[in-house]
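Subject: Structure handover

Hi,

Here is the structure we talked about handing over. My notes on it follow below.

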Amino acid sequence: MRLSRRAFLALSAGALAGCGKPADIRNTVRRFIGKPTASPLEGALTAPAASEIDDISHVLNRLTFGARPGNYARVATIGAKTFIDEQLAPAKITDTLCERVIRHEFDSLADPESRLFPRKADAKDPLVALFPAMKDRGARVSDLYEMKEKVLLTDLTRATILRAVLSERQLFEVMVQFWTDHFNIDPSKGECRWLKAADDRDVIRAHALGNFRDMVRASAVSPAMLWYLDGRENRRSSPSDKPNENYARELMELHTLGVHGGYTQQDVMEVARCLTGWTCRDKKKFFKGRVEFHAKDHDDGPKRVLGMDIPGGLGARDLDRVLEIVTAHPSCTKYISWKLCRRFISDDPPKSAVDETSRAFAASKGDIPATLRALFATPEFWANETRGVKFKRPFHFVVSALRTANAETNASNDLTEYLRRLGHAPFRYPTPDGYPEEATHWKSTLLWRWNFAAALAENRIKGTHIDLDELRARIGGNDALLASIFGRKPTDSERAAFLEPGAGLALAIAAPAFQRC
Amino acid sequence: MASPQALITGNEDERRTLVVVFLRGGADGLALVPPVSDDHYFKARPRLGIRSEKAVQIDNHFALHPEMSPLADAWHDGDLAIVHACGIEDDTRSHFEAQDLMEHGGVAAGGWLGRFLRVRPAPSSGALACVAVGRALPECLLGAPTVTVMQEFSDFSLSAKSPNLRSQLEALYAMESGQLGVAAKDTFDALTRIEAMRSQKYQPANGANYGDDDFSRGLSQLAQLIKADVGLEAASMDLNGWDSHFTQETAITGLIQRLARGLSAFRTDLGSRMATTSVVVMTEFGRTIQENSAFGTDHGRGSSMFVLGGGVQGGRMHGAWRGLAPEQNERRGLLDGYGDLPVLNNYRDVLAPVLVRHGAVKEDLQKVFPRFSLNPLPLYA
């Protein structure tokens with residue numbers, strides 16, 4: 001299995017480039033992925049019949065990366081509230097297709113940290129067995145060594161896109177993206193290029209719909225985070241050593257309290273002192289990627305953080321004390337709740353909704369499903385002026401287009417290239433604050449949205465294929481197709497524009513209504 | 001079509017454009033800007049040293065390579081500032097590593113120019129706010145809000161089978177009020193202006209004389225974008241091939257020609273618009289002071305950086321310089337010979353004042369160049 005996957009990666013570029021005819025693409029995608037990558041069009045595909053965004057379309061817009069054909073009919077049957085409950089308990093959702101694709105194609109993402117690093121190929125390495133094949137295609141021995149990094153990041157990026165497109169646990173994937181931004185790590189720094197894969201698995205995905213405090217704890221000792229925010233260099237080996245404050249500051253400013261969360265420069269320094277001694281073994285060492293606490297590098301004196309005393313002599317347990325203090329702080333409650341409301345309600349969320357969400361966050365001690373359940377119950381979430389007005393970020397736009405068109409995709413470089421042009425490729429954001437949420441940052445992306453829409457509609461994206469005629473026939477004609485895309489009946493001008501010569505799906509995906517959710 | 005004078009979007013109050021030129025391969029600062037009054041220079045380079053009679057003397061100490069002469073006017077007009085002995089703090093001799101460090105702005109995620117465009121309080125909003133001339137996104141632009149990677153103007157276009165898509169979209173977006181409607185109008189305007197540029201042969205202004213090579217072509221495209229007011233805030237370009245281990249003169253003379261001719265034509269072409277345009281020229285490291293047996297030079301440390309236009313205090317050398325006497329140089333354990341020109345001026349201290357000129361404030365600079373205590377050179381009045 002491992003060999004076949006790596007063979008796939010090594011050879012896919014050439015093989016996919018060779019299949020120009022649209023009819024071949026579907027078969028090629030199937031051959032490489034192994035199984036179809038779009039759910040079959042089964043069951044009722046009833047499209048929305050209201051002229052405004054109704055409850056069903058609204059929850060699909062906000063809790064998912066866009067509705068697939070058939071989602072609307074299903075939620076109409078079980079009800080929007082039941083759908084929310086389902087999505088808040090992802091472990092109970094059957095997700096066979098997505099799980100199978102990820103397990104089959106991206107086995108390296110499950111490797112332990114030390115195996116994420118590149119290594120010199122030995123005789124047993126499957127890469128060596130593969131080498132004659134690669135050599136025929138012009139690869140050099142040194143490429144073997146370099147390959148791991150590219151494969152890993154490509155894997156992680158493709159897996160992220162495929163999960164967003166395929167998973168039935170849509171809210172979970174939405175939250176994975178939310179926390180990926182919240183605890184942003186750009187893999188282009190140092191050894192993050194290998195270790196981000198572990199962070200994605202063990203921090204973000206492990207806790208995306210779990211408990212916020214557990215997630216902060218996991219992030220604090222994540223090897224990638226120790227690299228990204230320099231925690232691994234934060235030590236006090238001698239009295240003259242000045243702690244590295246980078247992580248301490250971002251822990252409070254970005255991860256927990258918010259920039260005006262009431263901490264001072266003194267607090268930053270004290271938190272940095274508490275975290276001295278935590279480090280990560282680099283790739284030159286045995287047990288590379290392992291996180292360790294070195295007592296000799298720890299400042300074990302007494303500290304005071306946000307008005308709370310931390311006695312001396314706690315050693316590694318300083319970390320737990322610090323995290324208790326910052327995650328239980330009212331500023332943390334308010335900041336996280338505000339960010340969630342900004343994501344799910346509006347760029348400038350009403351205070352009443354933030355307060356309601358905050359109460360649930362505090363009462364549940366950071367339980368994320370409980371907090372979201374309260375958010376989704378606020379009148380502000382359901383208000384008419386909330387519906388259909390949020391500007392999709394480019395990733396959301398691209399994935400929702402793939403979903404609404406029931407596209408098959410292997411998330412190849414060709415697709416990622418569009419995300420890169422749109423300024424929103426996964427794992428490409430440089431600073432610790434993560435991709436911005438508000439529409440104003442994404443205003444300049446329209447041209448590449450339109451180009452993507454045309455390329456998708458015309459089957460010009462390598463490794464991605466749609467069958468519009470089949471979809472239209474199954475869904476019941478043009479009007480129903482438009483309603484399925486927009487989540488409501490098309491307006492007269494939308495319908496007229498869609499029916500003009502040459503318009504079709506490209507226009508629907510590029511239309512203003514599809515830029516919003 | 002919008003009036004060609006109207007600015008589409010972006011930095012309305014300050015129409016400023018920053019162009020970054022990267023000389024890949026490690027350009028020899030001692031050939032570009034030879035210290036012709038330093039005897040050590042000719043001792044270290046008996047065959048490759050630029051003889052003072054051929055060079056363009058620019059002050060008591062330095063000259064420009066003869067092929068740099070098209071830039072002499074810019075220097076004498078006070079429009080070109082030069083910093084010698086410039087580079088990164090790390091002494092890696094790997095092109096890849098050094099370029100990465102320089103383009104990321106240290107051991108940092110993303111590129112310094114990308115971060116700059118992202119962290120400012122008013123982030124770039126125009127569809128053409130940032131252009132990378134070439135085939136791929138350079139590392140310095142990683143993390144930028146949007147970048148158009150463009151070899152030709154046709155790369156910035158709406159490509160669809162149906163020729164009607166554009167007018168249909170225009171009709172649909174015309175009904176949009178608010179941000180989305182404005183953004184769409186900006187985009188259509190930019191498309192229209194680019195199409196106008198494509199449809200006619202470009203006539204550079206003021207008799208500017210671009211060369212017939214990719215570098216000049218790229219710069220003339222940027223000049224057109226700047227003049228068309230499409231909201232271009234930053235652009236990047238590469239000029240490759242500076243790794244002159246063998247027969248250096250042959251290897252780089254043509255490159256220097258292209259560099260100087262292109263930049264000089266760009267400056268002439270833009271005329272008064274040069275006051276709001278800055279060009280920075282940089283390279284990952286310089287070359288050994290001493291020539292090698294193959295009439296070449298090897299990977300070294302300090303090189304020179306150039307800042308052109310944009311109100312720079314030009315016509316003078318900026319930053320520290322200590323001459324080439326062996327005891328001043330980086331020796332790397334060498335017992336004899338000249339070693340390397342040390343990095344006396346960190347590249348960030350050249351970039352920082354340029355970024356301030358382009359709207360960065362102190363907090364922005366900390367994000368653009370994290371974990372570095374800046375000591376910006378006084379390049380501006």
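In which helix of chain B is B:Thr250 found? B:Thr250 sits in helix H9 of chain B. Helices here are DSSP runs of H or I with at least four residues, strands are E runs of at least two, and both are numbered from the N terminus.

First, the ground rules. This is a predicted model, where local features need pLDDT of at least 70 and side-chain atom pairs count only at pLDDT 80 or more, while totals for chains, interfaces and linings use all residues. Residues are numbered from 1 along each chain as its sequence is written, and chains are lettered from A and ligands numbered from 1 in the order in which they are written.

**Chain B**

B:Thr250 is exposed, because 11 other C-beta atoms lie within 10 Å. The burial scale is this: buried means 20 or more other C-beta atoms within 10 Å of the residue's own, exposed means 12 or fewer, and partly exposed lies in between, with C-beta atoms placed from the backbone. B:Phe295 is 45 residues away from B:Thr250 in sequence, and their C-alpha atoms are 9.7 Å apart.

H9 (residues 248–270) of chain B packs on helix H8 (residues 214–227) of chain B. The angle is about 20° and the axes are 9 Å apart. Axes are lines fitted to C-alpha atoms, for helices over the stretch in contact, and angles run from 0 to 180 degrees between N-to-C directions. H8(B) is therefore roughly parallel to H9(B). The classes are: under 35 degrees roughly parallel, over 145 roughly antiparallel, 65 to 115 roughly perpendicular, the rest oblique. The crossing of H8(B) past H9(B) is right-handed (near helix turned clockwise from the far one by less than a right angle; anticlockwise is left-handed). On the H8(B) side, the contact residues include B:Phe215, B:Leu219 and B:Ile226. On the H9(B) side they include B:Leu259, B:Ala265 and B:Phe266. A contact means C-beta atoms, placed from the backbone, within 7 Å. By class, this contact has eight nonpolar, three polar and three charged residues. Nonpolar covers Ala, Val, Leu, Ile, Met, Phe, Trp, Tyr, Cys and Pro; charged covers Asp, Glu, Lys and Arg; the others, Gly among them, are polar.

**Chain A overall**

Chain A has 27 helices and six strands. It has 517 residues, and 51% of them count as buried. Take the contacts in chain A between residues at least 6 apart in sequence: 71% join residues at least 24 apart.

The domain assignment gives domain 1 (229–327) and domain 2 (330–386) of chain A. Such bounds come from an automatic or database assignment. The C-alpha centres of the two domains are 30 Å apart. Seven residues of domain 1 are in contact with four of domain 2. The domain 1 side of that contact has two nonpolar, five polar and no charged residues.

**Helix H15 of chain A**

Is H15(A) enclosed or open? Seven of the ten residues of H15(A) (265–274) are buried, so the helix is largely enclosed by the rest of the structure. Among the buried ones are A:Val268, A:Val271 and A:Cys274. The buried residues pack against helix H14 (246–256), strand E3 (303–305), strand E4 (308–310) and helix H16 (318–327) of chain A.

The axes of H14(A) and H15(A) come within 8 Å and cross at roughly 120°. The two helices are therefore oblique to each other. H14(A) passes H15(A) in a right-handed crossing. A:Ala248, A:Arg249, A:Leu251 and A:Met252 of H14(A) meet A:Asp267, A:Val268, A:Val271 and A:Ala272 of H15(A). The contact has six nonpolar, no polar and two charged residues.

**Two positive phi values**

A:Asp230 has phi near 65°, positive in a residue other than glycine. A:Asp230 lies in the loop between helix H13 (223–228) and H14 of chain A. A:Asp230 is partly exposed, with 19 C-beta neighbours inside 10 Å. A:Ala411 also has a positive phi, near 50°. A:Ala411 is buried, with 27 C-beta neighbours inside 10 Å.

**The chain interface**

34 residues of chain A are in contact with 39 of chain B. H23(A) (446–457) gives the chain A side its largest share, five residues. That side divides into 16 nonpolar, twelve polar and six charged residues.

Best wishes

Key: Two residues are in contact if their C-beta atoms, placed from the backbone, lie within 7 Å.
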